[in-house]
Structure formats: structure tokens, C-alpha cells
Number of protein chains: 2
Amino acid sequence: MKHKIIDPWGSELLESYEKIIKDFGLEIFNPKLFPKPNRIMRRGVVFAGRDLKIISDAIKHKKKFYVLSGIMPTNEKIHFGTKMVVENIKYFQDHGAETYILVADLEAASTRGVTLNEARKRALDFHIPAYVALGLNPKKTNFYFQSENRDVMNNAYEFAKKITVNEFKAIYGSADPGKIMGAITQVADILYPQFKERKPGIIPVGVDQDPHIRLTRDVVKRFKERRFFLPSSIYHKYTPSLDGDLKMSKSKPESCIELPEDIASVNRKIKRALSGGRDTLEEHRKLGAIIEKDMVFELMKQHLVEDDKELNKIYKKYKSGKMTSGELKQIACDKMEKFMGNFVKGVEQARKHINRLNFVKFK
Amino acid sequence: MKHKIIDPWGSELLESYEKIIKDFGLEIFNPKLFPKPNRIMRRGVVFAGRDLKIISDAIKHKKKFYVLSGIMPTNEKIHFGTKMVVENIKYFQDHGAETYILVADLEAASTRGVTLNEARKRALDFHIPAYVALGLNPKKTNFYFQSENRDVMNNAYEFAKKITVNEFKAIYGSADPGKIMGAITQVADILYPQFKERKPGIIPVGVDQDPHIRLTRDVVKRFKERRFFLPSSIYHKYTPSLDGDLKMSKSKPESCIELPEDIASVNRKIKRALSGGRDTLEEHRKLGAIIEKDMVFELMKQHLVEDDKELNKIYKKYKSGKMTSGELKQIACDKMEKFMGNFVKGVEQARKHINRLNFVKFK
């Protein structure tokens, strides 16, 4: 590979992501393409993309483009990966993108067995308010429910004709009917803003969402007469599990923090997290922390410290051994308490105004 | 098998149908269950069903039930199988059934690549008028387009969750995404009249449509909480190919008559059809016709002669050798000309009133 992912503050996990870039045929994310990159773009957390130049040009030349993402309302929690998606949506929204947020209620029904009513309730009570709490500008966002968007459904059926089951299996690994219907509907969602007027669009995703992007790009190539732009995409790394694994997962609740989560529980988990501190204080002062191994520093870098100078200061102190692992964890706990408090308050606040949001009107 | 299909005027093809009944687990159709059975019911052309007793009871006790069928608008022709479907719909409509005719535009898109606009045009220009021309009472029929029926689509996604790809393959032989989406949508169509109020329903089908019935019955059993009645179904035989094969098929145009078809072409095909007449007139007069082999007599029995006494007269004359094959064919040509003329006129007439039909109103 010619280029390398730039992570100015180190991470043990870089190699996994370079493999992903190669396997998926992605381009390495270059923060210089984008004016005033956000925290996760600057810090190598956003690490890859597809067709980013066209989005960069749209921003530079103030051309029309869109950013789109879906809410999967399976329960009333989100994880740090969703937070990063919202931060990237906000970035493009702030830089001129038409913004679409859809509630994937049909996909929740066909893949998780969540009823449409339950999905609607969760989206209105929690997910949409959470997106607003995390920075989305509700006045500039078009929301819709898949189940109300006949254009999306109708196009999904047309797209289905040119997808084979083997192709589906190659992309998704399996081909259950519910999964097929959900995925093809998501393809139609991704292209929906182009139905009336073709324009570039960017989809911020975690790595595990790439199959949807690949399927959509295949469909675009097969329906040439529709003249869709291939959707661009941008990828962030997983927030690693507090025990050092690649990805936080609910299957290991002690290493996973959800949004929202009770602060006492969060503090306990942070205190027990895999640390880069040395075994004895003497050793730590002498050798300094092994930052690449420290999951709490990674959490601060990805989520808790906005200011680069502040992060750099912490980095130097911790790496040199001036700051102990206990001190670092205390800073993280304090910042997490503040963040979680603001998040919960923000969700409550946004929930009150839910009826004033721009829900797309359908005939 | 305990019972046998009753075909009072003989047919070489009975054995194939008895195998189908056994393989599919159908019940043999008993015309005594139904008051004033129609022509194809009386003559063993309707040969099987599922759960027919519940429909018979609904008719007898004037309880609510429904009959439903779908139009697949792939081109502007139908075949004799469709004519029989319409005749059975009409039978149940005349005996008190709520009637639903849907245009399977989504299925046409996902399985045949027909655009929704093209499907709509064909349905309004030809298929719906053809159904009316064949006897459907438009004032008592609820029409809808799948693509406008969000309830159907939304339910299709919920149903998809509990269908596995292996089950789908076992029923349909293959599992292409477009086929899956089309079939599951058809399941939702079949149950649609029960969404607001559960009631028995009957679906008249050709044998090749049985997979949809089986899949729907599986879905009903899996969604017990919805308390759907299992759909009943009723099966008619194929109209045999004029060369004696089981089924008319467009792949052999010289043995297949479509609706509408130019009368000169129809006459030519009938004249060349496989006959039960003997090689010489002398032999024919002596031995009589082999009716079981005669495709023109089969056509008259299934479609062209309404009155049983008239058919019986022809049967006796032909079987005894008094009527020649040429004479039989001439009668068939005359009757076909009259039928085709009425059909074309009926379609034109119904097309004029297309806007006055009861299209289901959706929010």
C-alpha cells in the first residue's frame, strides 16, 4: 500500500484497518480534502472512504450534495459508533449537505422482528432526539420512516430484479428473505435523494455497514438509465472494547459503554479498563505509559477530549510517566460524567420538540 | 387414494392431476359442496382445493368470506387459465364473497423488470377490462395496485422475518431476491382482506400457483398472534396444448391460443389441432372418435360450450362416429369466433368505464 493511515496518537489496531482498506478496495481518508476536519477526521479515527474527491469538490465549489443515514430502532440505546456517524453527518450538514435521516422500520421488522409501531415509538422517543442531542441540526434535517416512503419501497422492488442470490450471498454471507428485503430497501434509501434530481451523496458508516454501500454501488452500475451518482462513503474505526478487543460489544457488557448509561456503571467500567500504565509507580514514572494499549486514552481521543492541545498535553504527561493510569482514568470519568449528563439532558430537550421536526411529507 | 377426480366426459390427463393432488396434499374437489357449480366445476376441470368446507359453510350460512386474485401485467394478452380464474372469482362473487383484485405491479417489477408505470398502463388498458369482460362484476370488486398499498408492503416485511431461505428454496426451487420480494408481497396480498377483520378467503389458482398458497399457509401458522384464517384455494386444470401436451404454452405458439387472438389465426390452429378422429371416414363411422385424445373437444368442454345438454349431444354424436372431426372443429371455430368477438367488444366497453371502478382508497 502506498499510503498509511495517519494516527498521530498511536493505536494498536491500525493493522486490522489497513487490511480492511485493502480487502474492501477503499481509499485511505485524507483529512486535507476537507475544510476544518472534525475531531475524528483529524485523529485518524475516520480512516477510509470511497469516492471522497467528488464530495470534497462539492463542498469546495458549493455544489449540491447530500448526506444520509439510517436509524435502526432495535432498542433505546445507541453505542459510540452511532455517535461517530452522527458527528460525521453533522460535519457534512455544516458544510452544505442536504441531510436525510430515515428510520429503518421496515428493516427492523424484516431482520429483527420489531413491529412497525414499536419501531416508530422508539425512534420518536429516543433515537431521533439522541441524534439531535449529539449535534444534528433538526431544522436542516429531513426525517422519514421507510414504511411511509412508497418511493423507496417501489424502487426497492425494481432494484431487486437485477440482484442475484449469489451476489447477495457474496456480499452479505447469507441470504435470508428478511435480510434481502431489508438490504435492498436500504439501497433504495441510499439513492432516494437522487430520485428526483441526481447529485452526489455521502454515507457515513462503520466498517460493518460496507456491504450496503457495495450493493448500492452494484445497483447503480446496473441501472445506468437512472443516471445515479455512485454513493460516496466514509468509514470510522470501531470504538474498541475496554478490554482491548477491536470493538465494543454488548456481548461483553463490562467492556462496553452504551448511550445513555448510568454514570456509576460507566465509572466502574472505566476503572477496570485495560490500561497502558506500568505495574509499579516507580516503573511507570521511569518508563511512562504504553499508550497504544490504553483503552481509556483511546476513548478520550475518540470521544471525550475535543481540543487537540488538551489531548496532546495529556498524551505527553501520560507517555512520560508524569500522569498515572489512575489519574488518567479519573479525568476520563469526570469527562464521561459531563458528557453523559449533557446527552441525557439533550435527549429530553429534543424529545419535547419532536413534533416540530421536518418529517418528509408523502402523498 | 380414496376418491377419484370425476370427469364425466373423459380426459387423458387425469393421472397427472391425481399425482399433483397427492404430492401437494390437496383435497379432491367435490362439486356437491357448492350450490349451482359453474361449468368448470361441474366438468371436473376444477379438480382440487384446500380447506373448501369452510368456504362451502360460509356460502351456506351467509357468513363473511372473500375471494382474491392478482393480475400480473406482463403484456396485453391473457390465456385460458386466467379465464378460468376469473370464472371462479365470479362464482364466489355471485355467492356472496367480498372480491379483491390486485395488480401485482411490484411483483412484475421485481420478477420481470416491468416498470411500475408500464404495469399500471397495461392493467388499466387491458387486464382489468378483460376481467370485467369475462364476467367480473366491477361494482362489487375492490381493485388495488400493490405499489399503493402500504399495508401490504409493510406486512410483507414483517412476514419476511420468519421465512428462511431454505424454506423458500424448498417451495419455489430457487431464491432470487426479486422472486423472494414478489412472493412475500403476494403472501401479504392474500392475507390483506383479513388485516382489519379475520375471515375465511378463497384463492382460485392454477396448479403452478400453489407455491404461493403453501408459503401463505406457512406464514399464517407462524404468526399465530395475528389469528388469520388459513387461506382456502381451488385449482383448475391447465387448458391443454392443441398438440396434446399438458399445458398451452407461448413457447409453442401454434398450439396455444391467447386472449385476444386474431380469429383467422385461431381457426388455423384449431384446424391443425390433435384430433380424436379416425384415419378414414369409414373407420370413424364404425369406431367413433377417441374423445380422450381430442384437444378440440377438450377446448369445447372447458371453454366453448356452456350448456351441459348441448355438450352431451356433441359428445354422443362424436363418440359414436356420427360427427366427424372436421365437423367438430367447425363448430369449435364458430363458437370461438363468437367468444373472441364478444371478448374484444367487452374489453373495449369496460375500458371506457375504467375510472368508475372501485379502486381501494389509501391514506
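Which residues is B:Leu68 in contact with, leaving aside its neighbours within four places in sequence? Keep the question in mind; the tour comes to that residue at its second stop. The model on screen is predicted.

**Stop 1: chain A as a whole**

Select chain A. It holds 15 helices and 7 strands. Its C-alpha atoms fill a box of roughly 70 × 50 × 40 Å along the principal axes. For 363 residues, a compact globule would have a radius of gyration near 21 Å, and the 21 Å of chain A agrees with that. Of these 363 residues, 47% count as buried. Among contacts in chain A with a separation of 6 or more, 74% join residues 24 or more positions apart.

**Stop 2: B:Leu68**

Now select B:Leu68, which lies in strand β3 (residues 66-71) of chain B. The residue is buried: 23 other C-beta atoms lie within 10 Å, and a residue counts as buried at 20 or more. Show its partners next: B:Tyr100, B:Asp189, B:Ile190, B:Pro193, B:Gly201 and B:Ile203 are in contact with B:Leu68, neighbours within four places in sequence being left aside. One of these pairs can be checked with a distance label. B:Leu68 and B:Ile203 are 135 residues apart along the chain, yet 5.5 Å separate their C-alpha atoms.

**Stop 3: helix α15 of chain B**

Stay in chain B and select residues 325-352, which form helix α15. At 1.5 Å a residue, its 28 residues should span 40 Å, and the 41 Å between its end C-alpha atoms agrees. Colour the buried residues of α15(B): B:Ser325, B:Leu328, B:Lys329, B:Ala332, B:Met336, B:Val347 and B:Ala350. What covers them includes α6 (116-133), α11 (263-271), α13 (295-304) and α14 (308-320) of chain B.

**Stop 4: the two domains of chain A**

Return to chain A and colour domain 1 (14-238) and domain 2 (253-346). Their centres, taken over C-alpha atoms, are separated by 31 Å. Domain 1 of chain A puts 13 residues into the contact and domain 2 of chain A puts in 9. On the domain 1 side, α2 (39-42), α4 (80-94) and α6 (116-133) of chain A give two or more residues. By class, that side of domain 1 has 7 nonpolar, 1 polar and 5 charged residues.

**Stop 5: where chain A meets chain B**

Show both chains. Here 25 residues of chain A are in contact with 26 residues of chain B. On the chain A side, α5 (105-112), α7 (150-160), α8 (165-172) and α9 (177-191) each supply at least two residues. The most come from α7(A), with 6 residues. By class, the chain A side has 14 nonpolar, 7 polar and 4 charged residues.

Zoom in on α5(A). It is largely enclosed by the rest of the structure, because 7 of its 8 residues are buried. The buried ones are A:Asp105, A:Leu106, A:Glu107, A:Ala108, A:Ala109, A:Ser110 and A:Thr111. They pack against β4 (98-103), α6, β5 (141-145) and α9 of chain A, together with α7 (150-160) of chain B. Just after α5(A), A:Gly113 takes a positive phi of about 70°.

**Stop 6: the nonpolar cores**

Which residues have the most contacts inside the largest nonpolar core? Select A:Ala156, A:Ile184, A:Val187, B:Ala156, B:Ile184 and B:Val187, in a core of 169 residues. Apart from this core lies another, of 18 residues, among them A:Ile270, A:Met295, A:Val296 and A:Leu328.

Technical notes
Residues numbered from 1 in each chain as written. Chains lettered and ligands numbered in written order. Predicted model: local features only at pLDDT ≥ 70, side-chain atom pairs only at ≥ 80, totals over all residues. Contact = placed C-beta atoms within 7 Å. Helix = DSSP H or I, 4+ residues; strand = E, 2+ residues; numbered from the N terminus. Nonpolar A, V, L, I, M, F, W, Y, C, P; charged D, E, K, R; others polar. Core = buried A, V, L, I, M, F, W, Y, C linked by C-beta atoms within 7 Å. Buried ≥ 20, exposed ≤ 12 C-beta atoms within 10 Å, placed from the backbone. Domains from an automatic or database assignment. Expected span 1.5 Å × (residues − 1). Rg over C-alpha atoms; globule rule 2.2 N^0.38 Å.
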